[in-house]
Amino acid sequence: PTQDPSSDTTAAIAESETTPVIPEHQTITIMTNDTTKDYVETLVKHFTNKYKDVTVEITYVEGVQSLDYTEKLANDLLAGNGPDVILLSNTQLSQKDVSMAKTDVFADLDALNDVYGYLNWDDYVDTVMDAGIFDGTRKIMPAYYQFPLMMGISEVLDREQIVYGEGKTTADVFNSMAGKEMLPFKRPYFFFEYYRYTGLSLVDQYHGSVNLQNDDFEAVVSAYYPVYGEVHNGRYRDYLTQGTYQDSLTGPLLAEEILFINGDYSHPYSCYISFLDGLYETVQNAGKNPEFVAIPDQVGKGIAGTLGYSFAINSATECPEAALRFLAYAVSFEFYCADDEVRAIPVNKEYNAAVRAMYYGEEINLPEGITMRDFAFGISTIDREDLDTYYGYLDQVYIPQYIDQTALNYLSLVVVNMVRNGMSMEESIRQSENDLKIFLNE
């Protein structure tokens, strides 16, 4: 069972021969930048309100660029000066994050937990936790994750023979969308989002190499081209000027101009579910059957997803107990309830189950003193079967440990050459290889 540091049980452990004595007061450090400081300040406030015996000092890195933060964090850690608690990127692990995870820079979380016992790994989504294990050792603790959710119309998806679901890959889905009269998405940039979510697949996940000649990649570019070509030619109208934001999403879907609504409602809880209720009801009122769709990943392991905030612990910390306690609080049911922002999907299965029960209209027995901000949004009007599908995706998300930014840059070059410069896909791939080599000074 998870230990409460204030309990007699923990005190007894601290006095045992196998566990270091826990100091009466400890000070730990954490680093943040402008992008993550709201999250860090909120987490530190709630943690220190609960645990008076720990002070958390925040180091601020100026600016919002993830690269600047990652550079400073890595340099400080490798110089032996890094923070005790390490907050990693809020989108995906960088190459440096992965490199440090494969060395002794990050502490072995299983080994620490064997000593202090604050984490029960069964409390968290298994497939997401796997993203923190490197060469058999748990080095990173995800706190949030995400995946892009879409809504289509069942009859249209069947008619257009769009494939997705178990046993399919990202390339299968994109191949089925390519060459259709209907555009795949309302927001064309979403193709880039899917590239990021799937790690597709210029990057060899097992060897880390970049493969510029890849059949799956060419299949996806084939689907990109008509979308960006149509944008370039003005087919995408500015729906945002016509009616409400909700109308701007459902209008082109009901008019069968696009296959999927894609938007910022991929988190199956909180205000997003209320917004999704409205989209769902609009489609039903038009006499059509809405369908939730999540894209499979490229290696056939599950739904394509990516990490949100994740943590590691500095192996050089002088306060490992406080650092692990802080990390455990960051992924606790209590903190997720207390946080006043929707940041992504929590890894805590108890929290996700409670939110799911709430939207199903079921009774939830909360611990004394804990309230859930999500209660404000009421019971979902989405049909139970569809809601089951929606929430069922949460435990199926597969997260690649590292997505090479070089490969994403290459994809951008290919699309730009095709759309802006009118090249064929084959010409664009050749030109983009040259552009990328110049960019990399090779």
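Which residues form one aromatic cluster?

## The aromatic cluster

Let's start with the rings. In this predicted model, one aromatic cluster is formed by Tyr39, Phe47, Tyr51, Tyr144, Tyr309, Phe311, Phe326, Tyr329, Phe333, Phe335, Tyr336 and Tyr351. The structure as a whole holds 22 aromatic pairs.

## Two pairs to look at

A pair of aromatic rings is described by the distance of the centres and the angle of the planes. Take phenylalanine 311 and phenylalanine 326: their centres are 6.4 Å apart, with 80° between the planes, and the pair is edge-to-face. Phenylalanine 311 belongs to strand β14 (residues 310-313) and phenylalanine 326 to helix α13 (residues 320-330), so this pair ties together parts that are 15 residues apart in sequence. Phenylalanine 311 has a relative accessible area of 1%, so this residue counts as buried, the cut-off being under 20%. Phenylalanine 326 is buried as well, at 1% relative accessibility.

Now compare phenylalanine 335 and tyrosine 336, which form a tilted pair: 6.5 Å centre to centre, with 45° between the planes. Both phenylalanine 335 and tyrosine 336 are buried.

## Charges over rings

Arginine 325 places its charged end over the ring of tyrosine 51, 4.9 Å from the ring centre. Likewise, the charged end of arginine 138 sits over the ring of tryptophan 121, 3.9 Å from its centre.

## A loop residue

Finally, find glutamate 341 in the loop between α14 (333-338) and β15 (345-346). Glutamate 341 is partly exposed, with 38% relative accessible area. In sequence, glutamate 341 and aspartate 38 are 303 residues apart, while in space their C-alpha atoms are 9.5 Å apart.

Terms used:
Residues are numbered from 1 along each chain as its sequence is written. This is a predicted model: local features need pLDDT of at least 70, side-chain atom pairs count only at pLDDT 80 or more; totals for chains, interfaces and linings use all residues. Side-chain values use heavy atoms; hydrogens and water are left out. Helices (H or I, at least four residues) and strands (E, at least two) are DSSP runs, numbered from the N terminus. Buried means under 20% relative accessible area, exposed over 50%, partly exposed in between (1.4 Å probe, protein chains only). Rings of Phe, Tyr and Trp (its six-membered ring) pair if their centres lie within 6.5 Å; planes under 30 degrees apart count as stacked, over 60 as edge-to-face and the rest as tilted. A charge sits over a ring if NZ of Lys or CZ of Arg is within 6 Å of the ring centre and within 35 degrees of the ring normal.
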